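Thanks for coming, everyone. Please have a look at the model on the screen, and then we'll walk through it.

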Amino acid sequence: EALGDMPEACRRYMIYADRCSQAGYPDVAIQTLDRVLELDGSLHKARERRAELLAKLARALAESKSPEAPAKLAQATAEYELLLGFLTTAAEQRPILSELVALQPKRDDLREQMAMVSLELGDHAEAVIDLQELAMNALEAEELERAAGILEKILEIDSGDLMTLQSLAATYTKLGNPEGALRQYRRWVKS
């Protein structure tokens, strides 16, 4: 770093951070990665590694019921979200979104982003699974309009999904939309 070769300094700091992590010093590794990001904030690998270490630390703290766990979880989430903002392709975004969903399973916005990324990648099955989870969450929260919209989105992807047709018909019934319910029941019977 003193010689002015920032790329080389960052590379060496990354190696040192990995060694610290492997030796059981995640806090030192995180501090080292902080320095890398101070030198070059565009190094996505450093940001991703920092987020991974924060998430690992948060999980360990949560297992030991440490009061520090929520703060580390928030830091890891923020780091992954920052990283997500730098990534432009769905293929790059998918693993980061997967980590975010694992860290924050109750955040429907992340699951919806994951579904859209899966669609963009042509993974319709994964998109449907994520959307079904969203629909279930909306139904449990009695957000019937939102649930109906999500169920309709699923049917755009997989028009023959019997469970979704039945759920949408039942949701329309609860919403007081007998025509919509009848339409979905008819589709269900035809399938």
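Which residues are exposed on the other side of H4? They are Pro-70 and Gly-85. Keep in mind that this is a predicted model.

Now H4 itself. This helix runs over residues 69–86, so count 18 residues along the way. From first C-alpha to last, H4 reaches 26 Å, close to the 26 Å expected.

Next, its buried side. Ala-69, Lys-72, Ala-76 and Thr-77 are buried in H4. Glu-79, Tyr-80, Leu-83 and Leu-84 are buried there too. Look down the helix axis: the buried residues of H4 fall within an arc of 165°, so they line one face. What covers them? The cover includes helices H2, H3, H5 and H6.

Pick out Tyr-80. Beyond its neighbours within four places in sequence, Tyr-80 is in contact with Ala-51, Glu-52, Ala-55, Ile-96, Glu-99, Leu-100 and Leu-103.

Tyr-80 also takes us to the largest nonpolar core, which has 31 residues. Tyr-80 is among those with the most contacts inside that core, as are Leu-33, Ala-46, Ile-96, Leu-97 and Leu-100. H1, H2, H3, H4, H5 and H6 each supply at least two of the core's residues. The largest share, 7 residues, comes from H3. Apart from this core lies another, of 16 residues, with Leu-134, Ala-135, Leu-151 and Leu-155 among them.

Last stop: Gln-184, in helix H10. Is Gln-184 buried or exposed? Its relative accessible area is 4%, and buried means under 20%, so Gln-184 is buried.

Conventions:
Residues are numbered from 1 along each chain as its sequence is written. This is a predicted model: local features need pLDDT of at least 70, side-chain atom pairs count only at pLDDT 80 or more; totals for chains, interfaces and linings use all residues. Side-chain values use heavy atoms; hydrogens and water are left out. Helices (H or I, at least four residues) and strands (E, at least two) are DSSP runs, numbered from the N terminus. The expected span of a helix is 1.5 Å times one less than its number of residues. Buried means under 20% relative accessible area, exposed over 50%, partly exposed in between (1.4 Å probe, protein chains only). The arc is that of the directions from the helix axis to the C-beta atoms. Contact means heavy atoms within 4.5 Å. A nonpolar core is a set of buried Ala, Val, Leu, Ile, Met, Phe, Trp, Tyr and Cys residues joined through side-chain atoms within 4.5 Å.
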